[in-house]
Amino acid sequence: MSSAKADTPNQKFRSKRRNQIIGKIVIYAILLVITICMILPFLWMLSASIKSNREVFVMDPFVWIPKQPKWDNYIKIWTKIPLLKFVQNTVILTIVVTFLQLLTSSFAAYSFAKLEFKHKNALFLAYIATIAMPWQVYMVPQFIMMRSMGLNDKLLAMICLQAFSAFGVFLMKQFYEGIPNDLCEAARIDGMSEYRIYAKIMLPLSKPALSTLTIFTFVNTWNDYLGPLIYLRTETKKTIQLGLKMFIGQYSAEYGLIMAGSVVSLIPVIIVFLCLQKYFVEGVASTGLKG
Amino acid sequence: MDEKKAALVQELETEAAELMRQIRAETDIQKKKKLIVKRDSVQRKLTAVRNNRRISRETKRDLVAYSFIAPNFIGFAVFTLVPIVFAFVLAFMNWDGSNAISFVGLENFKRMPQDTFFLAAFKNTILYVLGTVPLTMIVSLALAIVLNQKIRARGFFRTVAFFPYVASLAAITAVWSMIFHPSKGPVNYILYSLFKVPQDQLPKWFSGGLVLFTLVLFSVWKYMGYYMVIYLAGLQGISAELYEAGSLDGANTWQKFRYITWPQLRSTTFFVVVMLTINCFKVYDIAVMLAGGGDGKLSTSATVLVYYIYQNAFNYWDLGYSSAIAMVLFILVLIVTLIQFRYEKKLEA
Amino acid sequence: MKKKLISVMLSTAMIATVLAGCGGSDAAQAPAAEEAAAGEEITLKWAIWDKDITPYWQAIKDGYEASHPGVTVEMTDLGATDYMTVLATELSGSGSDFDVVTIKDVPGYATLVSKNTLEPLDSYIADAGIDLSVYGGVDKQVTVNGSLYELPFRNDFWVVFYNKDIFDAAGVDYPTNDMTFEQYDELARKVADTTFGSQIYGTHYHTWRSAVQLFGVLDGKHTVMDGNYDFFKPYYEMVLKQEDDSICRNYADLSAEGLHYSAAFSGGDVAMLNMGSWYISTLIASLASGEYDSSLCGNWGIVKYPHAQGVEPGSTLGTITGLSVTSVSDQKDAAFDFVEWVSGPEGAAVMASTGNFPALMNDEISDIIAGLEGFPTDDASKEALSVSNLYLEVPYAEKVSEVNDILDTYHKSIMNREVSIDDGIASMNAEVEKVLAQ
């Protein structure tokens, strides 16, 4: 009897529900696998950072937290290499670059998005064209030029290099274009100057885009390797990436220490990311980065 | 002063009248438009002079706009545009950075086909791009679709997927080289103990034919979170009504993806693929840190274009050749980007 | 408008080029004579690496300043990684103010010479009447077109370090100062313990190509600039065979973890390690400070490098560290005086007192080093310090950087077993030929 009534709405609803549940299970299973793949190396890093060299590669039995955690790995790293100096350099560099990047590119982007002026298209084209140009294509001439300006081996060189990217202008412009023009027009009629419109109206509205740009810039600057490798040669000027690489070279077998250093190098970026991440997807969506 | 002003007014008026005459006479609509613009500008100048303003409103407007652009543009022009032009010039030169520079024409480019290391770097870079771009795209799209569903702890999963992207390369490659250590690492240990792979056949992840595979794997792992966010943003731009309409038509999940999600994401995919391609062609630090061993030198199985550019510039001081290889890199990126633009245009039409 | 912009940028770029290209050499030369002649306060700027962990820089500076009142030596630390690249960058174009630079390796030296950044020292050497024969011929291996651009002050040579405790435990006789490669291989196999878990490696080869390839140049018939590298073959065979039999750590592992040789030897599971004599002072210092566990590697000794059948024992590889005067220096005479002092007997004594080997080697200097606290007390170790023939790891030649990299690359490929020994060597031959033909 029941088979004859297989098509009743109730049955259909039930099978749909069942499908949904199966779907959910599949989704969670996939997510679980991906999450494990994503996070396992970090857990391994944390675990290895409190192990002794011998314990790191012991697989049978594998333990996450050793019986006697070597917390002093985290103290030792500060004395083995001038880690503090490296962190200091990187922090200064990253903050200055991020600040300059946010300021100058939002400034320029406002002009491109909301003002009319001569050669607007030509200037914007110059920016766009360089986005597709890998930095490595012109790193050598750029280096030669910087050196002739006496900027070789100075943090200032890295700042000049990273603070004026085309990407930032592009990203901010896309965002500003999404803000209705009426807002600016109304302000102009009220007699506000362009500078005040930028400062009082546009800037407060651009929090999501600024957060996005902050994360991108911060992550890029903090993690840059080739740039500092070429420009910062003296030990006292090196950044944490160079320092960490150097440390890995010198203390190759001190796995615990290497991992402790790695953990330390991750903390600042992760803090910045966690602080800004709630704006992040929104920021990307509203900047039209999606295309 | 007044005389001067009168003379200027006179001059501008004549110019405006002359332009007006030309406009009437012009038949080509495009040229006509241009002339009208020109006349407007003269007219505006005229009003400015008549009203005793020193600069016209138009000039003032331009100056304000430039003042916004200047801080960024000056830095950008000096530190990016000038070196790019310089790079183009240098590719046709022979220079070691100290002695006299000399023009050698296409000599630098002619050397490439005979250069084993260049060819290896070229091949490896292409293979790396071919492996990384589609894989990263697929994985990040899939992840974005999953994380766009209404599920528990969505924020947590998104954060986790983005973790590898923010992690510093030196740190994370150190972990990878431990996890994939050929004889002690957990990955090979699992292969050995669970899958009974004999000890001498355990894969050597960082050398030989496998090294490129490891590089691709690592890149996908590290960058999928980044592109996932971009896809997520794209997905959020698709209106829910489309899906509702699809449901009413009885579309299943795959059909919804095929006929709604995928076409709607076209511009996002375009952006993702272009950015991915550009970024993949730039690969350098991943290769050096994963496959460089103790001395950071790459053998022919792992060498990439940027490594060879660096090597020629800073080790051999052959700056011309190094720039010429950089040009090849640029042309590669350009070609791929143009093909993608073409394809995108075709789809749009 | 567009055209104009491009032409402006182009000319700016060209000006930058020209400035960078020739600014350096002429600008600073004029006041050279005046300053040196004044005889007043002189400050010499000197480029070095790893100031904090290398004991002799400070000792040299102190020694020189004490005997030369009015002179201040100012050291700039450029770091050990990529030192020569950094230096080449510093010296090319304008802006550098170094008077004296330390030369770490020959490929880097060749680069600096070809960039005309170093001053030829021949006339200074002739004026000062320096007898170059005290350097045992190494000066000839770095002479460029008849001119010498550096004076060596430190000279390291390769020896075999061994861990006596391991040999004692295995009941195997210590290595000797007169071993053929066959005996060496046999010894490594005897002392090794391949039991899983308590593995003892008979020997250890660091990932540098010098550690394997250069066994081949010890007979004096070949050099690395030959262009034909078939003579590497027996040594690659020996080492790869040892790897197969777990007599030594495998290259792929070492390379994946970037294992430093000091970490390998101080871990107490390596019986023999072929390495440069610079490791002697590191070993002594690290054991004294407790950084190395003395129960693992505290009982060590050294012997001479093994030799091929029929070749006199005591032939080994060497690496020199030299000092050069820069061509931009405005006080070249004062700079050369410093170079002469450091590479002369006074400098040699300072080097020896810190446990390092000066280029100017004689019995007295050997005695100083052998008498250091922490140096092995057996006679064989002391005797191992006397070298009969020294072949530089890389002698000077044009294109030496390129050749060096080619050999490095294929060394990697062979050791990673990406290619067979024969194919690897064939590639070396082919590639080097191309470079040399240019």
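Chain B and chain A bury about 8300 Å² between them, and 79% of that area lies on carbon and sulfur atoms. These values belong to a predicted model. On the side of chain B, 92 residues take part in the contact, and they meet 95 residues of chain A. The count of salt bridges between chain B and chain A is zero.

The contact draws 39 residues from chain C and 39 residues from chain B. Two salt bridges are counted between chain C and chain B. Asp408(C) forms a salt bridge with Lys297(B), in which the closest N and O atoms are 2.8 Å apart.

The two interfaces are set out below.

| Chains | Buried area | Share on carbon and sulfur atoms |
|---|---|---|
| Chain B and chain A | about 8300 Å² | 79% |

Helix contacts within single chains complete the description. In chain A, helix α4 (residues 83-114) and helix α7 (residues 155-163) have axes that come within 9 Å and cross at roughly 35°. The crossing of α4(A) past α7(A) is right-handed. From α4(A), the contact involves Asn89(A), Leu93(A), Val96(A), Val97(A), Leu100(A), Gln101(A) and Thr104(A), which meet Leu155(A), Met158(A), Ile159(A), Gln162(A) and Ala163(A) of α7(A). By class, the residues in this contact of α4(A) with α7(A) are eight nonpolar, four polar and no charged.

In chain C, helix α11 (residues 233-244) and helix α21 (residues 421-437) form another such pair, with axes that come within 10 Å and cross at roughly 140°. Because of that angle, α11(C) is oblique to α21(C). The crossing of α11(C) past α21(C) is also described by its hand, which is right-handed. Lys233(C), Tyr236(C), Glu237(C) and Leu240(C) supply the contact from α11(C), while Ile421(C), Asp422(C), Ile425(C) and Met428(C) supply it from α21(C). The contact of α11(C) with α21(C) comprises five nonpolar, no polar and three charged residues.

Terms used
Residues are numbered from 1 along each chain as its sequence is written. Chains are lettered from A and ligands numbered from 1 in the order in which they are written. This is a predicted model: local features need pLDDT of at least 70, side-chain atom pairs count only at pLDDT 80 or more; totals for chains, interfaces and linings use all residues. Side-chain values use heavy atoms; hydrogens and water are left out. Axes are lines fitted to C-alpha atoms, for helices over the stretch in contact, and angles run from 0 to 180 degrees between N-to-C directions. Helices (H or I, at least four residues) and strands (E, at least two) are DSSP runs, numbered from the N terminus. Angles under 35 degrees count as roughly parallel, over 145 as roughly antiparallel, 65 to 115 as roughly perpendicular and the rest as oblique. A crossing is left-handed if the near helix is turned anticlockwise from the far one by less than a right angle, and right-handed if clockwise. Contact means heavy atoms within 4.5 Å. Ala, Val, Leu, Ile, Met, Phe, Trp, Tyr, Cys and Pro count as nonpolar, Asp, Glu, Lys and Arg as charged, and the others, Gly among them, as polar. A salt bridge is a side-chain nitrogen of Lys or Arg within 4 Å of a carboxyl oxygen of Asp or Glu. Buried area is the accessible area (1.4 Å probe) that two parts lose on being put together, summed over both.
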